[in-house]
Amino acid sequence: MAYPETHRYPGQLHRSEAEPESGALAKVAVLLLGLLVGVLAVAAVLLWASARDARSDARAAAGKAAGATAIANPHDAMAGMPGMAATSSATASFAGAAPANAKALAAAHKPFPAALPAAPTGPVAKVHLGVKDVVQQIAPGIKYRAWTFAGGAPGPVIHVRQGQLVKVTVTNDGTMAHSVDFHAARIAPNMAFRDVAPGESFTFSFRATDPGVFMYHCGTKPVLAHIANGMYGAIVVTPTRPLPKADREYVLVSSEWYLNSPGLGQPASLDMAKAHAMTPDWVTWNGYAGQYVAHPLQANPGETIRFWVVAAGPSLDTEFHVVGTLLNRAWANGDMTHLQRDVQTVAVPAGGGGVFDVKIDRPGLYPFVSHSFASVDLGQVGVLRVGDVHGTMSH
Ligand code: CU
Ligand code: CU
């Protein structure tokens, strides 16, 4: 790969930038450096000591906080909520739980449609989100009591054009208050993102002024629980100024699932202690572990594939990476005014988005992952199949 002439690694100094040394000046410099080294050594010892004290303070504070939760345990407030476990300590990990027929179930699973749907024409884009409690599969044979927008997690992919007015209606057919927070909106959240009671509908509008890919999610407290239970999705706002041509466009939403049981027989519910500890049982692309391994996303050699990626979290970032290639173009943070070329991995923060183009000429199976590999082990892996290729891959 050819870097431009000016490319330098941070800290790498060009010869011409180094000060020429001579005679007395050099001696003074050596003396000052000697003094500086002494001062730094003392400072390092002091810093180490204060860090050690801070660590023991933190331990003491954590101990006190653990005591305090026994009195004001946030889980107690949720004990009466359906689909919410009132555990005060995390259950064991149920990562990788699978029935004997997991492979057949994975093959029979209908994958979440990752292809970017068309944006509506005209000045107004109408969006209806019907809130519904459902039991959904999050991995082969693993059932979860989810709270959803439109019957599944993630919620529907919304695609609008920059400048359109987005008219959102939330209808709450759930059993408690919910709301929807659009990161693509510049709007007073206390008005637009307000709680909608069960049985009620609420409509608000915002102008899609900013292009990119954004998260939307339920913003009702505790937000951690509402996102962890499945209330999130992606909205793509296509920029007015055309992007380079892409042959196929896919939307990927990453998210974690925190289970209070294996979910093999009875559906699992949220384990809030695990969610607080950020120790998921499953991490998924579009809600279901490994669904694009069993059902790869397709491309032809030489095509440009655009991934619109949102990290819904609720708490973990996604380090987007496609094994076997580089990201030809990367609009980090979904900032469509600025692109990076030929980068290997780009972080998508929880609650953020990114847009990534790959152009792969050689047929093969190219896994797309979060390169935070714990997430891969928990299910966050899919395959881009370039050409008519079959078989297995190494990741
Ligand atoms: Cu909600
Ligand atoms: Cu948010």
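User: Which residue in E14 is the bridge partner of Leu252?
Analyst: Val309 is the bridge partner of Leu252. This is a predicted model, so read every position as computed.

User: How do strand E10 and strand E14 pair, parallel or antiparallel?
Analyst: They pair in the parallel sense. E10 covers residues 248-257 and E14 covers residues 304-313. Eight bridges link them.

User: What holds paired strands together in general?
Analyst: Strands of a sheet pair through backbone hydrogen bonds. The pairing is either parallel or antiparallel.

User: How many bridges join E14 to E19, and which way do they run?
Analyst: Eight bridges join them. The two strands run antiparallel.

User: What is the strand order in the sheet that holds E14?
Analyst: The order is E12-E10-E14-E19-E16-E17. That makes six strands in an open sheet. The pairing is mixed.

User: Which strands are at the edges?
Analyst: Strand E12 (282-285) and strand E17 (340-343) are the edge strands. Each pairs on one side only.

User: What is the average twist from one strand to the next?
Analyst: The twist averages 25°.

User: Is E19 buried or exposed, and why?
Analyst: Seven of the eight residues of E19 are buried. The strand is therefore largely enclosed by the rest of the structure.

User: And E16, how many of its residues are buried?
Analyst: Four of its five residues are buried. Strand E16, residues 327-331, is mostly covered.

User: How does E16 connect to E19?
Analyst: Three bridges join E16 to strand E19, residues 352-359. They run antiparallel. Ala330 stands opposite Phe356 in E19. Arg329 stands opposite Asp357 in E19.

User: What about E16 and E17, in which sense do they pair?
Analyst: Antiparallel, over three bridges. Here Ala330 has Gln340 of E17 as its bridge partner.

User: New topic. Where is Leu297?
Analyst: Leu297 is in strand E13, residues 297-299.

User: Buried or exposed, and why?
Analyst: Leu297 counts as buried because it has 21 C-beta neighbours inside 10 Å. The cut-off for buried is 20 or more.

User: Which residues does Leu297 contact beyond four places in sequence?
Analyst: Its contacts are Ala114, Tyr250, Tyr292, Gly382, Leu384 and Arg385.

User: How far apart are Leu297 and Gly382?
Analyst: They are 85 residues apart in sequence. In space they are 7.9 Å apart, C-alpha to C-alpha.

User: Now Leu165. Which strand is it in?
Analyst: Leu165 lies in strand E5, residues 165-172.

User: Why is Leu165 classed as partly exposed?
Analyst: Because 14 other C-beta atoms lie within 10 Å of Leu165. Buried needs 20 or more, and exposed means 12 or fewer.

User: What does Leu165 touch beyond four places in sequence?
Analyst: Leu165 touches Pro123, Val124, Ser205 and Arg207.

User: And how far apart are Leu165 and Phe206?
Analyst: In sequence, 41 residues. In space, 5.8 Å from C-alpha to C-alpha.

User: What is the order of the open sheet of four strands?
Analyst: The order is E4-E9-E8-E6, with mixed pairing. Strand E4 (158-161) and strand E6 (181-182) stand at the edges. Each has a single partner strand, so one side of each is left without a neighbour in the sheet.

User: How many bridges join E6 to E8?
Analyst: Two bridges join E6 to strand E8, residues 212-217. The strands run antiparallel. Phe182 has Tyr216 in E8 as its bridge partner.

User: Zooming out, how many helices and strands are in the chain?
Analyst: There are eight helices and 21 strands.

User: What share of the chain is buried?
Analyst: Of its 395 residues, 39% count as buried.

User: What share of contacts joins residues 24 or more positions apart?
Analyst: They make up 74% of the contacts with a separation of 6 or more.

User: What is the mean pLDDT?
Analyst: It is 84 for the chain. Of the residues, 77% reach 70 or more.

User: Where does pLDDT stay under 50?
Analyst: Over residues 1-80. For that stretch the model has 15 contacts beyond four places in sequence.

How values were computed
Residues are numbered from 1 along each chain as its sequence is written. Chains are lettered from A and ligands numbered from 1 in the order in which they are written. This is a predicted model: local features need pLDDT of at least 70, side-chain atom pairs count only at pLDDT 80 or more; totals for chains, interfaces and linings use all residues. Two strands pair if DSSP finds at least two bridges between them. Axes are lines fitted to C-alpha atoms, for helices over the stretch in contact, and angles run from 0 to 180 degrees between N-to-C directions. Two residues are in contact if their C-beta atoms, placed from the backbone, lie within 7 Å. pLDDT is the predictor's confidence in each residue, from 0 to 100.
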